[in-house]
Amino acid sequence: MLFKSLSKTKADGISNGVFLVALGILAFSDKWWPGILIALWATLAVRQYLTGRLYDLLLTSLILLGLFIVTLLDLNWTIIVPILLILGGIHLIFREYC
């Protein structure tokens with residue numbers, strides 16, 4: 001990593017600012033769906049990057065950007081979305097126990 005990880009408090013403050021900026025952009029563009037997925041991704045990605053949790057950042061990016069792409073391209077939700085959600089859930093469970 002190129003820099004020292006920030007404290008959780010500072011990372012939370014910065015990521016909350018990113019969320020508010022993203023919401024402002026969504027309000028101007030009036031593209032709430034699927035734009036909210038990008039806003040959530042940006043918020044979580046910044047927080048995870050600033051706290052040095054790069055593995056979590058990769059998984060978060062996979063899930064939220066995957067959902068965004070599925071929505072944007074109007075792909076079949078019945079297979080892709082459950083797989084993304086299951087992968088995210090398995091990651092959360094194993095992260096806490098391993």
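Predicted model: local features only at pLDDT ≥ 70, side-chain atom pairs only at ≥ 80, totals over all residues.
I started with the surface: the chain exposes about 6,700 Å², and carbon and sulfur atoms supply 75% of that area.

Next I looked up how much is tucked away. Of the chain's 98 residues, 32% count as buried.

Then I checked the overall build. I found four helices and zero strands, so reading from the N terminus gives me α-α-α-α. Along the principal axes, the C-alpha atoms fill a box of roughly 40 × 40 × 20 Å.

Taking contacts between residues at least 6 apart, I get 61% that join residues at least 24 apart.

The chain has 7 positive and 5 negative ones, and I noted 11 Å between their mean positions.

Which helix holds D56? I found D56 in helix α3, which covers residues 54–72.

Is D56 buried or exposed? Its relative accessibility is 8%, and the cut-off for buried is under 20%, so I put D56 down as buried.

What does D56 touch, once I leave out residues up to four places away in sequence? My list reads Q48, H91 and R95. I looked again at H91 from that list: its side chain and the side chain of D56 are joined by a polar contact of 2.8 Å.

My summary for D56: a buried residue in helix α3, with a side-chain polar contact to H91.

Key. Residues numbered from 1 in each chain as written. Heavy atoms only, no water. Helix = DSSP H or I, 4+ residues; strand = E, 2+ residues; numbered from the N terminus. Buried < 20%, exposed > 50% of the residue type's maximum accessible area, 1.4 Å probe, protein only. Polar contact = N/O pair within 3.5 Å; in protein donor to acceptor, adjacent residues only side chain to side chain. Contact = heavy atoms within 4.5 Å. Areas by Shrake-Rupley, 256 points an atom, 1.4 Å probe, with all protein chains shown as cover. Lys, Arg positive; Asp, Glu negative; His and termini not counted. Charge placed at Lys NZ, Arg CZ, Asp CG, Glu CD.
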